[in-house]
Amino acid sequence: MPAAIQTFDLTKAYDGRPALDHLSLTVERGEVFGFLGPNGAGKSTTIRLLLDLIRPTEGRAEILGFDTRRQSHEVRARTAYLPGDLRLYGNLRGIETVELFCRLRPGADPAYGIELARELDLDLSKHANALSKGTRQKLGVVVALLGRPDVLLLDEPTSGLDPLMQHAVWEILRREAGRGATVFFSSHVMSEVEQTCERVGILREGRLVAVEPIAALKGRSLRHVEVSFAGGVPSPADVALPGVRELRRQPPTLEFEVAGELDALLRALSPYHILDLRTEQPTLDELLMTYYTGEAA
């Protein structure tokens, strides 16, 4: 069975400057995949190429085994898109917008749209031009999900939403993946990536610099560990371990910086009486900054 999304050296250049540079990527069916990078990294360009809204300078892409250029009708029939610059018909009420898009997508059910609107606390009686940015975004999420598509391409899906509604959208996206849909979304909001994704791809200046499971990405990060002891403390030789750097020695407290897992350090400390142990892991935001600034290997 073909992957949900595959790109092969997908490239888009403007005036000779690549907005996307030889992207080769595979996203499996049923996966929630976060596509990360700062503004201008190439996230929206990738999604527009996948939908054949713009044409590549080089390379090609497939969705569910269909070529996104030669078989774009088949791709669009199985795909939903939520753009980052969402535009709605301002003179239509929310319920009229739902009904319109149900007519455009065979098999879509207005009742499901009403159910989603209830989950998102969305009033469908108001006209789109009277809605706030966050409320328009909720309506966009509803419209994207109406036909229960096989692939969801979402550009900054929780933009403008308050934290409560962000969590509601994340729960809906996890549920979509649970029924077998593939969710591919661009973001620079790290909290939604940590909450929803299994893997992430990291873009920097149009190039894919890493594809990582969330757990592995965070597992290799540097942790700050502070340990307080009752009685004696380990000698510097006791804690001279690969990946462990002692930062402060002020008995009865020692501080360390640990790369990766803590197991070796904990074994070295086990003969001593530990009163307290605190550990901090960098946020995904801080971790990804190493890729954005070129500090990652």
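This is a predicted model: local features need pLDDT of at least 70, side-chain atom pairs count only at pLDDT 80 or more; totals for chains, interfaces and linings use all residues.
Biologist: Let's start inside. Which residues touch the most other members of the largest nonpolar core?
Modeller: Leu-120 and Val-200 do. That core has 41 residues.

Biologist: And what does Val-200 touch, leaving out residues up to four places away in sequence?
Modeller: Phe-33, Gly-34 and Leu-36 are among its contacts. Others include Val-193, Ala-210, Val-211 and Glu-212. Ile-214 and Leu-217 are on the list too.

Biologist: How many residues are in the second core?
Modeller: The second, separate core has 22 residues. Leu-23, Leu-25, Leu-51 and Leu-203 are among them.

Biologist: Now rings. How many aromatic pairs are there?
Modeller: Three. One of them joins Phe-33 and Phe-184. Their centres are 5.8 Å apart, with 0 degrees between the planes, and the pair is stacked.

Biologist: Where do those two sit in the fold?
Modeller: Phe-33 is in strand E3, residues 32–36. Phe-184 is in strand E8, residues 182–187. So the pair ties together parts that are 151 residues apart in sequence.

Biologist: Is Phe-33 buried or exposed? What about Phe-184, buried or exposed?
Modeller: Phe-33 is buried, at 0% relative accessible area. Phe-184 is buried as well, at 0%.

Biologist: Which residues make up the aromatic cluster?
Modeller: Phe-33, Phe-35 and Phe-184 form one cluster.

Biologist: Why is the pair of Phe-229 and Tyr-272 called edge-to-face?
Modeller: Because their planes stand at 80 degrees, and over 60 counts as edge-to-face. The ring centres are 6.2 Å apart.

Biologist: Which parts does that pair tie together?
Modeller: Phe-229 lies in strand E11. Tyr-272 lies in the loop between helix H9 and strand E14. Those parts are 43 residues apart in sequence. Phe-229 is buried at 2%, while Tyr-272 is partly exposed at 27%.

Biologist: Which charged ends sit over rings?
Modeller: Arg-60 has its charged end over the ring of Phe-8, 4.3 Å from the centre. The charged end of Arg-148 sits over the ring of Tyr-112, 3.8 Å from the centre.

Biologist: Switching topic. How many cavities of 30 Å³ or more does a search of the whole structure find?
Modeller: One. The largest cavity holds about 40 Å³ of space.

Biologist: What lines the largest cavity?
Modeller: Its lining includes Leu-82, Val-141, Ala-144, Pro-157 and Leu-173. Helix H5, strand E7 and helix H6 each supply at least two residues. H5 gives the most, with three.

Note on methods. Residues are numbered from 1 along each chain as its sequence is written. Side-chain values use heavy atoms; hydrogens and water are left out. A nonpolar core is a set of buried Ala, Val, Leu, Ile, Met, Phe, Trp, Tyr and Cys residues joined through side-chain atoms within 4.5 Å. Buried means under 20% relative accessible area, exposed over 50%, partly exposed in between (1.4 Å probe, protein chains only). Contact means heavy atoms within 4.5 Å. Rings of Phe, Tyr and Trp (its six-membered ring) pair if their centres lie within 6.5 Å; planes under 30 degrees apart count as stacked, over 60 as edge-to-face and the rest as tilted. Helices (H or I, at least four residues) and strands (E, at least two) are DSSP runs, numbered from the N terminus. A charge sits over a ring if NZ of Lys or CZ of Arg is within 6 Å of the ring centre and within 35 degrees of the ring normal. On a 1 Å grid over the protein atoms alone, a cavity is a set of points where a 1.4 Å probe fits but cannot get out, and a pocket is an open set with protein on both sides within 12 Å along at least five of seven lines; lining residues have an atom within 4 Å of a point. Grid points are joined across faces, edges and corners, and a volume is the space filled by probe spheres set on the points.
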